[in-house]
Amino acid sequence: MIPFNKPSITELEKTYMMQAIDSLKLCGDGAYTKKVYQIFGEKLGIDKMLLTTSCSHALDMSAILAGLKEGDVVIAPSYTFVSNINAFVLSGAMPVFCDVEKETMNIDASKIEELITPKTKAIYPVHYAGVICDMDKINAIAKKHNLLVIEDAAQAVGSFYKGKYAAGTIGDIGCYSFHETKNYAMGEGGAVVVKDKELFKKAEIIREKGTDRSQFIRGEVDKYTWKDMGSSFLPSDVLAAMLYGQMERFEEIMDKRMHIWNTYYDAFAEDEKAGKLTRPFIPDYSTHNAHMFYIILPSKTVRDNLITELRKREIQSVFHYIPLHSSPFGQQLDAKQQGLPVTEEYSERLLRLPLFADLQENELEYVIKNVKECL
Ligand SMILES: Cc1ncc(COP(=O)(O)O)c(C=O)c1O
């Protein structure tokens, strides 16, 4: 079976992890965590970042940082991962779901403003498939209505907006995932990026069980104490060592993934012309990180049959989010929503093809040939 995803781990990551273990500094914020911050600064220009145990936890932190509470409302897509919404629902806030654009499956910025009420406190755009949302529009709306913008950049590490702003640094707070399915992995892990200096200090405290232990470790205070609410959101340095190895291979992994993405894109041009499928669209303002290659099929039936047919041919292809407003918990929430026709229709027609750095050339050709044959 050609899997949908497979992490790319080499001797480099294993060596760094063994070094972290041998150092007997296994807990968080050790030497490798610092190296991770440095390499993110060098390669992506990212400052003020804190590693977390997952992107879900980074999102949970963002809701605490934003001060979200019962009675508040947050605008987010329904076409997203549960953690995106759980984060502020845990804080007592409610979502109001906004539709997505059919070209990118990103939140439709032109439909946000009509959803704003005096209760609205934040917007949570998701950079789907590593393609950046229409952030100038979103930031302008947020500024006008005094809202926070929290980017779910789980899938977008290595993507840029307008050629210079890394995903996660365009809004007020950004959240990354380093789950094994992401481009750069540490098994389970994530990070939160916080622009504002004071808010960043608060983030350090929330991540360290509500204490100022980070300041104590830096020698800025002579003892540490309980300052605010928080939890243990910092990952082991052993996992940071894996991520450091992945980031040293940043270009290699990106190039391999980009080659696969571009090969799929070119190979399906004819099929798109013939009306058999639609390929992803990358807006001018976004570069992407080849996180995902999806196709939009003419109907759910065609999509589902294609999954079955490809499985018979030992190829794993997968659908994606089931819109959250239609999920059992989503239905229980008293969440307002506008009509979500694009979300409902396109989520049923979308199919993701195998894409991982170590996908072999013959496997890639085999997938393309079989998708075409089945279509
Ligand atoms: C858009 C989005 N947000 C959040 C997450 C959660 O990431 P993690 O598994 O690191 O908690 C994911 C994971 O797939 C995701 O795709």
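Let's start with a term: a residue is buried when its relative accessible area is under 20%, exposed when it is over 50%, and partly exposed in between, using a 1.4 Å probe and protein chains only.

## What you're looking at

This is a predicted model, where local features need pLDDT of at least 70, side-chain atom pairs count only at pLDDT 80 or more, and totals for chains, interfaces and linings use all residues. Residues are numbered from 1 along each chain as its sequence is written, and side-chain values use heavy atoms, with hydrogens and water left out.

## The overall build

The protein has 14 helices and 12 strands; these are DSSP runs numbered from the N terminus, with helices being H or I of at least four residues and strands E of at least two. Its radius of gyration is 21 Å, close to the 21 Å that the globule rule gives for 375 residues, so the protein is as compact as a globular protein of that length. That radius is taken over C-alpha atoms, and the rule is 2.2 Å times the number of residues to the power 0.38.

Along its principal axes, the C-alpha trace spans about 70 × 55 × 35 Å. Of the 375 residues, 55% are buried.

## Salt bridges across the chain

Searching the whole structure turns up 30 salt bridges. Here that means a side-chain nitrogen of Lys or Arg within 4 Å of a carboxyl oxygen of Asp or Glu.

Take Glu-113 and Lys-144, whose closest N and O atoms are 2.7 Å apart in their salt bridge. Glu-113 sits in the loop between β3 (94–98) and β4 (120–123) and Lys-144 in helix α5 (residues 135–145), so this pair ties together parts that are 31 residues apart in sequence. Lys-144 counts as exposed because its relative accessibility is 61%, while Glu-113, at 32%, counts as partly exposed.

Arg-218 also forms a salt bridge, this time with Glu-204, and their closest N and O atoms are 2.8 Å apart. Arg-218 is in the loop between α7 (213–217) and α8 (237–248), and Glu-204 is in helix α6 (residues 197–207), 14 residues away. Glu-204 is buried, at a relative accessible area of 9%, whereas Arg-218 is partly exposed at 45%.
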